[in-house]
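Subject: Structure handover

Hello,

Here is the structure I said I would pass on.

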Amino acid sequence: MDIDLSAQNVTKVFEEFTAVDNVSFEVENGRFFSILGPSGCGKTTLLRMIAGLTEPTKGRIEIRGENMIGISPNKRPVNLIFQHLALFPMMDVGENIAFGLQRRGEGRETIKRKVSAILDSVDLSGFDKKKIEQLSGGQQQRVAIARCLVLEPTVLLLDEPLGALDLKLREQMKVELKKLQAKIGTTFVYITHDQSEAMVMSDYVAVMHNGKFEQIDTPQNLYNKPQTPFVAQFVGDNNIWSGKIRKAEGLSAEIETDDGSVFKTKVDKALKPGLEVNLFLRPEAMVIEPDKCIEDLNRFEVIVKSILFDGANSRLLANPVNANTEILIALPQNRQYDYIQINDKIEIGWNKKSGICFKKNED
Ligand SMILES: Nc1ncnc2c1ncn2[C@@H]1O[C@H](COP(=O)(O)OP(=O)(O)O)[C@@H](O)[C@H]1O
Ligand SMILES: [Mg+2]
């Protein structure tokens with residue numbers, strides 16, 4: 001596969017503060033690549049360096065093998081879409097999209113053909129004479145994207161473009177953007193603080209924290225095989241127990257939690273007895289009232305504190321009987337657990353393969 005974008009050891013220091021810290025990654029042609037991280041972790045700064053709006057303090061950025069350092073923004077084969085779409089309100093849809101082509105000095109007929117083709121591919125054919133204000137938020141999004149795509153960038157950079165939309169529209173646009181990217185095949189680099197956006201749309205996601213990339217992986221691997229405690233907490237929900245390794249044999253370990261439970265879990269690398277660890281367990285890894293005859297399950301009792309009904313994503317909030325921590329337990333929606341009430345004591349089981357264990361203070 002051809003590499004469209006490559007960043008090597010890219011760093012940006014403002015005064016004393018390192019906003020982007022030695023970041024390296026590559027994006028193959030046609031990929032939907034996301035950079036996911038909390039507000040302030042350095043996402044926009046990184047994107048601005050790719051676009052040429054900020055010069056890196058150090059490092060190398062290449063697009064299709066061409067060095068971009070020192071190349072002005074308008075000479076780079078990239079376009080950038082912000083949350084504030086910056087469409088021209090006085091121009092109609094067609095004029096908005098034609099703007100960049102006119103600046104490039106393309107001919108009238110070519111412009112007409114390209115505008116019509118791109119409107120078609122974002123499902124807005126026939127909208128060219130509409131005013132921007134006549135469009136819905138989702139349609140305006142698509143015009144902003146069309147306005148960039150018509151210039152045929154090698155890479156389209158998107159900085160939290162759905163941030164200003166309401167939840168329902170955001171959910172809809174997630175699916176639309178993913179379909180659109182698959183259809184046109186342009187390489188997307190998408191930044192967001194919303195893990196669900198990144199997970200749903202992307203081929204690969206880089207999780208960013210304090211200016212560094214912690215893990216670059218498929219959404220499935222980020223969720224199932226987080227490499228750092230930060231990724232385990234930031235991507236999806238997790239329950240965390242603090243404890244110590246009691247026994248260890250190869251990749252199996254026994255952990256004594258601070259609240260006195262003993263759990264068996266698999267570990268990724270051998271950990272020594274006595275080591276302080278955090279154990280992460282997904283809400284859906286917990287089995288409610290498991291059959292007595294299932295062997296090899298960790299079991300503990302909890303008191304149900306709340307039933308958080310949310311359709312297919314419903315959970316129980318509960319306290320382990322021997323601890324004052326709170327844990328989340330996924331509640332499958334086949335109604336077989338409708339009998340559960342607040343203050344009930346129930347047994348929870350989990351398989352040792354579901355646990356994820358990190359040495360404490362690893363991050
Ligand atoms: N021009 C600047 N001068 C000084 N600090 C900046 C500048 N731009 C961004 N920062 C700082 O760099 C950090 C990362 O910012 P940013 O890249 O905008 O994060 P994100 O997009 O992930 O929210 C923040 O702490 C921000 O205050
Ligand atoms: Mg930002």
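This is a predicted model: local features need pLDDT of at least 70, side-chain atom pairs count only at pLDDT 80 or more; totals for chains, interfaces and linings use all residues.

Residues are numbered from 1 along each chain as its sequence is written, while chains are lettered from A and ligands numbered from 1 in the order in which they are written.

Domains. The chain is assigned domain 1 (3-234) and domain 2 (240-359), with bounds that come from an automatic or database domain assignment. Their C-alpha centres lie 39 Å apart.

Ligand 1. The shell around ligand 1 consists of Phe 14, Phe 17, Ala 19, Gly 37, Ser 39, Gly 40, Cys 41, Gly 42, Lys 43, Thr 44 and Thr 45; a residue is included if its C-beta atom, placed from the backbone, lies within 6 Å of the molecule. Helices (H or I, at least four residues) and strands (E, at least two) are DSSP runs, numbered from the N terminus. By class the shell has 4 nonpolar, 6 polar and 1 charged residues, where Ala, Val, Leu, Ile, Met, Phe, Trp, Tyr, Cys and Pro count as nonpolar, Asp, Glu, Lys and Arg as charged, and the others, Gly among them, as polar.

Asp 128. This residue is in the loop between α3 (108-121) and α4 (137-149). Leaving aside residues up to four places away in sequence, Asp 128 touches Asp 92, Val 93, Gly 94, Val 115 and Leu 119, a contact being C-beta atoms, placed from the backbone, within 7 Å.

Sheets. One open sheet of 5 strands runs in the order β15-β19-β16-β17-β18, with antiparallel pairing. β15 (287-288) and β18 (327-330) have a single partner strand each, so one side of each is left without a neighbour in the sheet. Strands pair if DSSP finds at least two bridges between them; β15 and β19 (residues 345-351) are joined by 2, and Val 287 stands opposite Gly 349.

Another open sheet, also antiparallel, has 5 strands in the order β13-β12-β11-β14-β20. Its edge strands are β13 (262-266) and β20 (356-359). Between β14 (residues 276-281) and β20 there are 4 bridges, and Leu 279 has Cys 357 as its bridge partner.

Regards

Definitions and conventions: Two residues are in contact if their C-beta atoms, placed from the backbone, lie within 7 Å.
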